[in-house]
Amino acid sequence: MPGKLNGLLVVISLCLGTVLLTAPSADAATFNVKAFGAKGDGVTDDQVAIQNALNAASSSPGSLVIFPVGNYLHSGELTGTSIGLQGVGATLTATTGLQTLRLTGNKVSVSNLKFNTQVTNTDELTVFIDSANGFTVHNLVINGNVGIKPISSILVDNGTNGTVSGCDLFLNGSPSSAGITVVDSSTVLVSQNLVTGAGTGVEAVSSSNINCAANKTATGAGGIIGVGVTTMAVTNSLVTNLSSGAQGITLVNSTNLTVSDNRIMGNNTVNVNSEGIESVGNTNVLIKANNIQSCGILSVGDSAVQILGNSIFAAMTGVECVGDANLYVQVNQIANCQGSAIAAVGISQTLSISQNIMRDCGLTGAFMGGAAAVVFVDSPPATSIPITSNLYTGSVKNLSFFIDCTQASPPALLAGNKTNTLLPSTP
Amino acid sequence: MRCAIICCLIILCQLLGSNQAVLAQQSGIFSNKWLDQRFDWVIYLEPKELEHYLVYPSSGLGPVTDVRMTYRVNPRLAANHVDSTLHYEDLWYHEGRPVGCRRFGKLNIQSGWQGAICISDADSGHQNTPAEANAIVRLILEINLLNCNVTAVLVPSSMVSPLCDAMGQFQFFRTDGSAPPGPSRLEVLVCSGLSDRNFMVYKP
């Protein structure tokens, strides 16, 4: 009851724009850092006061620590267990390059806080969710450095059933750094975050059930990465500002992947090493309805891959697939490629390329394997190769074929492919 | 013996002569190989004036132009990969107006297949161009009902312009081909070769 009363008083105080100072309590309750001596004046080192508040709250699992309006300097790591942190117009400013906040336990949360640093050219792990179950990281603004080592601004390690959402990360990071990293975790929603200035926006490693939705990244080395993940969805996200040679969304050695409705924009200079979506060594991959510009889709060594309904503009090769098994490239719109619109090499089992609408390819003659074709297929391991109902219009410069499938066996089934260029096909 | 051989050659020539235009297309730019690299099927149109047919005093139907339609399915898609040309239909025209039709068989092309209409060089005077344009539009509609596409109409170079003009009667107009393709657009290419492509679009 005292906890509920304290919570009610906090709500009332927030509504009135006042600061309520609550006394420390042994029950799950609300704790105000100013009650523990924190100044929040941007001058005083509040490290001890804040940690004392966190310790008091940690002694009562489920408690909430409130940061009233102010700029709280701290000179070291802050830790808490099974508690929540909530700011009200508050900023936490690190005066050293140490980890800022580490939370562990059950039902941990941190929300409505701004994190700054006074340190440059060092590493800073801002929020570390360590072995937490039922965590929430919400509505943070982080201005920080994640520069020198491969380090993340928000790290979830061994977490379960959690959310990282609505956070804006303005970072100064090296190509090996990341904005948000989820590792060895399960059932995590990463949504509506903004990451700029790090190497990678969001990365998930050795985890399961990762839902990465509606994030925005403007990071140089890569937008969103999944490595060794079981069941991951990357949807409705915006990936921009990719450096030359960077990949927008990269998925490696994972299973049950959905990449859909994302918008990926490479830099304006098309680079042979850049891909909007790169999938390597995965199983059950659905790449659907993405809008990709200045880069394409690369699938290597995947199994059961569906590339459906994507819009690709100004890539080197629109869709490039190598060594996949059971590949379906269907209903994509591909335009202004330097080389081929679709290239499929060494595909085994079924290779289906159908109902793709392609326009203006072969612009610079940069063809994979030198095949001057809009659609290039060289997949002798395949047992079935239907190439049907594709459409090509536009440029014939540098092109010798509409569909080039030179292999003798098995022959591709070509039917319903249409071009008004009169380019030939070679089944 | 020599006479027998000559007779056999004459008979063979007569048999083959019914499809001289097709034979003329066995080599060159519209050869079967050239067509097979681009289309799933080809319909050949051969216009020919029927001499003395329905030509009599007070006849309102003569002279009659017979547009003979044969078709060939790409052997890679044909049953048993057999390369054969089949007689589909004869359309009769009087001064460009359709006056009769005789169907010889089914147009055996499958949904989604795309192909071309190929017109022989026989109509050098272009007096049958309106009939050919009518036959082309009729085929385009029929083939669309089969959920198939007519990608191109392949004609001798001298016939491109008159045919494009004649198709205007049926609301097909020249376009620059720059518009993106759409599922509801009815487009066809009239061409005599790789460098002579005329984009025609239906504008109701």
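How many salt bridges does a search of the whole structure find over all chains? The search finds eleven. The model is a predicted one, and every value below was computed from its atoms. Side chains of opposite charge can pair when their charged atoms come close.

Read from the N terminus, the elements of chain B follow the order α-α-α-β-β-β-β-β-α-β-α-β-β-β. The chain has 204 residues, and 46% of them are buried. Contacts in chain B also reach across the sequence: of those between residues at least 6 apart, 66% join residues at least 24 apart.

The salt bridge between Asp36(B) and Arg72(B) gives one example, with the closest N and O atoms 2.9 Å apart. This pair links distant parts of the chain, for Asp36(B) belongs to helix H3 (residues 32-36) and Arg72(B) to strand S2 (residues 64-73), 36 residues apart. Are the two partners buried or exposed? Asp36(B) has a relative accessible area of 18% and is buried. Because buried means under 20% relative accessible area, Arg72(B), at 3%, is buried as well.

A second salt bridge brings together the side chains of Arg103(B) and Glu89(B), at 2.8 Å from N to O. Here too the pair links distant parts of the chain: Arg103(B) lies in strand S4 (residues 97-103) and Glu89(B) in strand S3 (residues 85-94), 14 residues apart. The two partners can be described in turn. Glu89(B) is buried, at 0% relative accessibility, whereas Arg103(B) is partly exposed, with a relative accessible area of 47%.

Arg174(B) counts as partly exposed at 42% relative accessibility, and Asp165(B) counts as partly exposed at 48%. Elsewhere, salt bridges that share partners join Glu89(B), Arg103(B), Arg138(B) and Glu142(B) into one network. A charged side chain may also be placed against a ring: Arg38(B) lies over the face of Trp34(B), at 4.0 Å from the ring centre.

The next element to consider is helix H4 of chain B, which covers residues 129-145 and has 17 residues. From its first C-alpha to its last, H4(B) reaches 24 Å, close to the 24 Å expected at 1.5 Å a residue. An α-helix has 3.6 residues a turn, so residues three or four places apart point the same way. How many of the 17 residues of H4(B) are buried? Twelve are, so the helix is largely enclosed by the rest of the structure. Among them are Ala131(B), Ala133(B), Ile136(B), Val137(B), Leu139(B), Ile140(B) and Ile143(B). The buried residues also include Glu132(B), Asn134(B) and Glu142(B), and Glu142(B) is a member of the network described above. Just after H4(B), Asn147(B) takes a positive phi of about 60 degrees.

Ile347(A) lies in the loop between strand S36 (342-345) and strand S37 (348-354), and it is buried, with a relative accessible area of 0%. Leaving aside neighbours within four places in sequence, Ile347(A) is in contact with Cys321(A), Val322(A), Gly323(A), Asp324(A), Leu327(A), Ser379(A), Pro381(A) and Ala382(A). Of these, Asp324(A) is 23 residues from Ile347(A) in sequence, while their C-alpha atoms are 4.9 Å apart in space.

Aromatic rings form pairs as well, and a search of the whole structure finds six aromatic pairs over all chains. One of them is formed by Phe67(A) and Tyr72(A), an edge-to-face pair with 5.6 Å from centre to centre and 85 degrees between the planes. Phe67(A) and Tyr72(A) are both buried.

Finally, the two chains meet. In this interface 19 residues of chain A are in contact with 26 residues of chain B. The area buried between them is about 1600 Å², of which carbon and sulfur atoms give 57%. Lys418(A), Asn420(A) and Leu422(A) supply 39% of the area that chain A buries against chain B, more than any other three residues. How many salt bridges does the rule find across the interface of chain A and chain B? It finds zero.

Definitions and conventions:
Residues numbered from 1 in each chain as written. Chains lettered and ligands numbered in written order. Predicted model: local features only at pLDDT ≥ 70, side-chain atom pairs only at ≥ 80, totals over all residues. Heavy atoms only, no water. Phe/Tyr/Trp six-rings, centres within 6.5 Å; stacked < 30°, edge-to-face > 60°. Buried < 20%, exposed > 50% of the residue type's maximum accessible area, 1.4 Å probe, protein only. Lys NZ or Arg CZ within 6 Å of the ring centre and 35° of its normal. Helix = DSSP H or I, 4+ residues; strand = E, 2+ residues; numbered from the N terminus. Expected span 1.5 Å × (residues − 1). Contact = heavy atoms within 4.5 Å. Buried area = accessible area lost by both parts, 1.4 Å probe. Salt bridge = Lys/Arg side-chain N within 4 Å of Asp/Glu carboxyl O.
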